[in-house]
Amino acid sequence: MDESSALETLPVFPLRNTVLYPYLMSPFSAGRPASVAALESALAREDKLVVLIAQRDPRLEQPGKDELYTVGTKAVIKRMARSEETIEVIVQGVERIRLVEMEQSTPYLRARVEALPVRLEEGAEIEALQRELLSMASEYLSLAQPVQAIDLRQVVAQFEEPMQLVYFLATIPQLDVERAQALLEAPTQMEALTLLHQYLAHELQVLKLRKEMAGKVQSGMDRQQREHLLRQQLRAIQEELGEKNPEEAEVEMLRQRLDEAKLPDAVRQEAERELSRLERLPAASPDHQVTRTYLELVLELPWQAETEDQLDLTRARQILDADHYGLKEIKERILEQLAVLKLNPQAKAPILCFVGPPGVGKTSLGQSIARALGRKFERLSLGGMHDESELRGHRRTYVGAMPGRIIQAIRRAGVKNPLLMLDEVDKLGRDFRGDPASALLEILDPAQNHEFRDNYLDLPFDLSKVLFITTANTLDTIPRPLLDRMETIRLSGYSDEEKREIARRYLLPRQREQAGLSEQQLIVPNETLMTVIRRYTREAGVRELERLLGRLARKVALQFAEGKTEPVTVYPAMLPEMLGTERFFLEQARKELPPGVATGLAWTESGGDVLFVEAILLPDEGSLTLTGQLGEVMQESAKAARSYVLSHSDRLGAERPRAGIHIHVPAGAIPKDGPSAGVTIAVAMVSAYTGEPVRSDTAMTGEITLTGLVLPVGGIKEKVLAARRAGIRRVILPAPNQKDLRDLPEDVRQEMELILVEHVEEVLDAALPGLAGRLRFEAGRSAAG
Amino acid sequence: MSILDDLIPLTRQLHLTAQERSRPLCWQPATDIYRTPEGWLIKMELAGVRQGDIEVHTCGRFLMVRGKRSDTPLRKGCSLHSLEISYSAFERQVELPVLLEPLRISSEYRDGMLWVRLSTRGER
């Protein structure tokens, strides 16, 4: 191109930090005197042309020829406006030029330049590169400024000059001046495209990474900032209202409570330490809440507070009598304890364990003891608890840690000497998380529990003033060491007469009240109560009885609600209509027993029960089969009984003394154990061998030895009551159990025929009337009976 | 990269949108096209352009006008205070629904406008 190689002399405007590409418009402002002068000179020209060349070092105020790049852009000034010191211009690049010679450097740079056109090429490669650049630039724009999306393709479509695309796309990423200059200096179109591709790829990657990092930081920042802002606003509002901010107010309140609280020195020290820690913690920290909860516990625990015991024995006796019928032994024990406390206030509280069947009033007895003593009552059930931490708490380091149930109960009670009832101590579980029974050992040991350390509290708390009462249905499942720490008191089942009294004094009034009836409206005579007790319930306690009385009361209430006015007296004859048919039959004992069946008595967790022992001879010789879920002790007891019977078979006059025998104890699905069925098994065997039936009105209990001695057994009261419930009036008991008969209510003793025996032959004598003639007692043995 | 380095190209981009940055190099005069009984009259707003600096061509159905506008030389002591008029090359193409070669072209410069007449009468 001949004409473009002609030299032109033009003013030079040095650029800092940027490059102007041909074809592109760009605003600039000139502040440096040399730049202003250069622009003035350009503006004075008819064609308004100026040369823009980037300076190598942007910090230079007055760059000379050597400080400028040699390649720049000739541009025409399209718009111009002045402000005080500066000239603002919008220029449009016209073509690329090379600086040939600097003609003058003051007052402004003026140079001779020659056009330096880019060598253009054509081909698929150029086309491909251009398209690729376009899509990269689009992606870059959509990432960098997603809001002001422009359709690059539309803009590009209007381009006429081949290099216009490259230069336009080069303004999209932010290129530093070196790279921009390198692009401007690219001698061919191909090189320019390749260079730009390289730049764009790099910038795109950087942008993506920045975006990714920003995204990560952003999500966390947004939430925190929001919370922070809201808190600041809240604080501002509170200040405006003259309130303190909640954290400060809270700490202040806690401090005030701490000052007022009566705490032991060690505890106070620890609490102060925690409080100062709380002050330093930001409210948002999870530890803040944990520490606050802990402090509240420490402040609420009754370190010193206690109630004064009511040591008025007469009053205590009145309360106990008013709340519970019977239970003489227990009431005595409580009154003894009261007396001890009266004489020695520092005495250690005993740990009582009430053992008895369900529904006999163990828990309510605890409540009335608390009332009699004037102590606070708290109760917690240990049934099914299998985690030691439930009793002793979790260490505070754990998330969601809580104090143990003991400390929680004390906190609820608000005094350090409440009556703490630990229900169902026999139903403690245990698993890999620990053994709560072992934790109870410490809690229930008066020698240790004055320094009980809850894991959560981590401060010694004095439990020695607490009156612990535990309850259990059976002692068998309580670990020995634990049982050893407790004083067990048995609550056996109630007799029918006792139940009647309980019903009359407590249950009936309570149910009447619940049904909204007055005393006059519902009258239940004694015989009706007796019928309900005997024919509708079979239990050691009174729960079912109370339910039935409740039903009775509701039926009557319904009648009144429907308009009845005159009082209702419930006679026994009305019961089937009100409670349904009788559930149990008094003559529950079998009317006639075939040979080989004897009536035994068993003690169960729910009181006593009647059981039958069945024996039958087998055709083979010498075998012994035992069925009915018999435990090991009971099986051995059966073997002993059989050996005794075999050794005396000749005297008993057995028809087939060597015959095998099968013994079964229904109900077959219920496991049974214990030695107390020994005599019953022996009697059943003798009956089977001799073919003589056992008296059906007679029940028996007692352990047997090989020599035929009858040894004492437990649960006499329950067993006798069970026999009586079943309609049996004769009971054979071991003679050493005579002392237990005192527990029986007077009327029972009167009504029942109780036969005390020392030797099994006396049992046979009493139970097998048909044998009396055949039995040949030894003279001495007979005399001893 | 310092913040300042980042900001300079950024502000530059903010001032002009992509469309503005990429204007065609030549400015385009506003143009009116009239139908006349003789043929066509095309008027172009070419104020301040010296007549000698205007070229008119036809090619097929296109009428092309191009040239450049130069400022008047400034007297000594004068300077521009503000500039809005483009003093540079201009180019405009107008497409008409007929072939233009057979038509007679005459142009005249009147009141800052270029009048180009295309008439069927008096064919070449």
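**Entry 1: strand 3 of chain A**

I started with strand 3 (residues 49-54) of chain A, where five of the six residues are buried, leaving the strand mostly covered. I take a residue as buried if 20 or more other C-beta atoms lie within 10 Å of its own, exposed if 12 or fewer, and partly exposed in between, with C-beta atoms placed from the backbone. Strands here are DSSP runs of E with at least two residues, helices are runs of H or I with at least four, and both are numbered from the N terminus.

A note to myself on the source: this is a predicted model, in which local features need pLDDT of at least 70 and side-chain atom pairs count only at pLDDT 80 or more, while totals for chains, interfaces and linings use all residues. Residues are numbered from 1 along each chain as its sequence is written, and chains are lettered from A and ligands numbered from 1 in the order in which they are written.

Which strands does strand 3 of chain A join? Strand 1 (residues 8-15) of chain A runs parallel to strand 3, with four bridges between them. Strand 4 (residues 71-82) of chain A is antiparallel to strand 3, and again four bridges join the two. I count two strands as paired if DSSP finds at least two bridges between them.

**Entry 2: a five-strand sheet in chain A**

Next I looked up an open sheet of five strands in chain A, with order 8-9-12-7-13 and parallel pairing. Strand 8 (377-381) and strand 13 (487-490) are the edge strands, each pairing on one side only. From one strand to the next, the twist averages 20 degrees.

Inside this sheet I checked strand 9 (residues 419-423) and strand 12 (residues 467-472) of chain A, which pair in the parallel sense over four bridges. M421(A) has I469(A) of strand 12 opposite. I also reminded myself that side chains in a regular strand alternate between the two faces of the sheet.

Helix 14 (residues 405-413) of chain A lies across strand 8 and strand 9, at about 155 degrees to strand 8. For such angles, axes are lines fitted to C-alpha atoms, for helices over the stretch in contact, and the values run from 0 to 180 degrees between N-to-C directions.

**Entry 3: E306(A)**

Where is E306(A)? I found it in the loop between helix 9 (286-300) and helix 10 (313-323) of chain A. E306(A) is partly exposed because 16 other C-beta atoms lie within 10 Å. Leaving out residues up to four places away in sequence, E306(A) touches V415(A), K416(A), N417(A) and K465(A). A contact here means C-beta atoms, placed from the backbone, within 7 Å. I also looked at K376(A), 70 residues along the chain from E306(A): their C-alpha atoms are separated by 9.3 Å.

**Entry 4: two helix pairs in chain A**

Helix 17 (residues 496-515) and helix 18 (residues 526-536) of chain A have axes that come within 10 Å and cross at roughly 120 degrees. The pair is therefore oblique; under 35 degrees would be roughly parallel, over 145 roughly antiparallel, 65 to 115 roughly perpendicular, and the rest is oblique. The crossing is right-handed, that is, the near helix is turned clockwise from the far one by less than a right angle, with anticlockwise being left-handed. Among the contact residues I noted K499(A) and R500(A) of helix 17, and L529(A) and I533(A) of helix 18.

By class, that contact has four nonpolar, one polar and five charged residues. My classes: Ala, Val, Leu, Ile, Met, Phe, Trp, Tyr, Cys and Pro are nonpolar, Asp, Glu, Lys and Arg are charged, and the others, Gly among them, are polar.

I then turned to helix 23 (residues 678-690) and helix 26 (residues 760-767) of chain A, which pack at about 60 degrees with axes 10 Å apart. That angle makes helix 23 oblique to helix 26. V679(A), A682(A), V683(A) and V686(A) of helix 23 meet V760(A), V763(A), L764(A) and A767(A) of helix 26. I sorted this contact into eight nonpolar, no polar and no charged residues.

**Entry 5: chain B**

How many helices and strands does chain B have? I found two helices and eight strands, in the sequence pattern α-α-β-β-β-β-β-β-β-β. Of its 124 residues, 19% count as buried.

Strand 3 (residues 54-59) and strand 4 (residues 62-68) of chain B run antiparallel, joined by six bridges. H57(B) is opposite M64(B) of strand 4. Their hairpin has two residues between the strands, and G60(B) takes a positive phi near 65 degrees there.

Definitions and conventions
Contact = placed C-beta atoms within 7 Å.
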